[in-house]
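User: Could you take me through this structure? I would like to begin with the overall picture and then turn to details.

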Amino acid sequence: NRSSDLWGEIVVVSTPMMMAITCSIGVETRSFRFPSLADESEVVDKIHELNESKEVNAILLQLPMDSATGIDTGRCLNTIHPWKDVDGLTAVNAGRLARDEMDRTLIPCTPRGCLELVERTGVTISGLDAVVVGCSKIVGAPMRDILLNRMATVTVCHVETKDVKAMVQRADLVVVACRQPQMVKGDWLKPGAIVIDCGINTIPDTSKSKGYRLVGDVDYESCKPFASWITPVPNGVGPMTIAMLLQNTMECTKLQLGL
């Protein structure tokens, strides 16, 4: 709901739902907005200010930053102090995750939520054949690292993968985050597979008042009969992402206090 002359918030939480949830548990939130013509130095300076503030425990850079001046997202993200990087997207936290240095690592919220969901099934991750569809820095890449650290055998599919269906068909665990509405079909699945759908897309639906409905990257109805566990869209991975944002906020605070 941002207006056209505003972009990229640097916040602890951003959406009204997130703010309502954090306020309900006593987490104070602040939102910092910039004009679309703001330059990179303004954003970096604000992040430095928040890094130095003892009143701020967690910083989230709302992405994408719809800047008219070509701001370097990577530089802005990596300006965030690693112990205030609530979304776990700095190079420091990504590197620690890849090296399995989990005692000092903040894990990106969506993959962390996916891990929590998988663990709640009771399955032993070690030894699973896992396929991650999508390789973004926000979901796919950290999900790969998390599963490798748990001793799963991991295959990552991306836009150049020749036969994604064949890869998915052999997987015990499928995590999908590819921004392709309902791409993964039921006949792609190994019977009994666990399916985690991180996608959120809109497709036309004249039966809805808004003229569209939300779907994931997985065709839920065709996949449900084949999956032992499957997440819906909406109200699947999304609420877990918010829960993990709150968990990471606590982890940020503990790191800063040396707890």
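Predicted model: local features only at pLDDT ≥ 70, side-chain atom pairs only at ≥ 80, totals over all residues.

User: How many helices and strands does the protein have?

Analyst: The protein has nine helices and 10 strands.

User: And what about its radius of gyration, against that of a compact globule?

Analyst: The radius of gyration is 19 Å, which agrees with the value near 18 Å that a compact globule of 259 residues would have. Along the principal axes, the C-alpha atoms fill a box of roughly 50 × 45 × 40 Å.

User: What share of the residues is buried?

Analyst: Of the 259 residues, 48% count as buried. The accessible surface comes to about 13,300 Å², and carbon and sulfur atoms contribute 53% of that area.

User: How much of the contact set with a separation of 6 or more comes from residues 24 or more positions apart?

Analyst: Such pairs account for 62% of those contacts.

User: Changing topic: how many disulfides are there?

Analyst: The count comes to zero, with a cut-off of 2.5 Å between cysteine sulfur atoms.

User: Is Cys198 buried or exposed?

Analyst: Cys198 counts as buried, at 16% relative accessibility.

User: Where is Cys23 found, and how accessible is it?

Analyst: Cys23 is found in helix H1, which covers residues 16-24. Its relative accessibility is 48%, so Cys23 counts as partly exposed. The C-alpha atom of Cys23 is separated by 34 Å from that of Arg150, 127 residues apart from it along the chain.

User: What span does H5 reach?

Analyst: H5 comprises residues 109-120, and its 12 residues reach 17 Å from the first C-alpha to the last, close to the expected 16 Å. Just after H5, Gly122 takes a positive phi of about 90°.

User: And H9, what is its span?

Analyst: H9 runs over residues 237-257, and these 21 residues reach 30 Å, close to the 30 Å expected at 1.5 Å a residue. Its buried residues include Val237, Met240, Ile242, Leu246 and Cys252.

User: One last topic, the strands. Which residues form the covered face of E8?

Analyst: Asn201 and Ile203 form the covered face of E8 (residues 201-204), whereas Thr202 and Pro204 form the uncovered one.

User: In which sense do E8 and E9 pair?

Analyst: E8 and E9 (residues 212-215) pair in the antiparallel sense, over four bridges. Val215 in E9 is the bridge partner of Asn201, a residue on the covered face of E8.

Terms used. Residues numbered from 1 in each chain as written. Heavy atoms only, no water. Buried < 20%, exposed > 50% of the residue type's maximum accessible area, 1.4 Å probe, protein only. Helix = DSSP H or I, 4+ residues; strand = E, 2+ residues; numbered from the N terminus. Expected span 1.5 Å × (residues − 1). Pairing = 2+ DSSP bridges. Rg over C-alpha atoms; globule rule 2.2 N^0.38 Å. Contact = heavy atoms within 4.5 Å. Areas by Shrake-Rupley, 256 points an atom, 1.4 Å probe, with all protein chains shown as cover.
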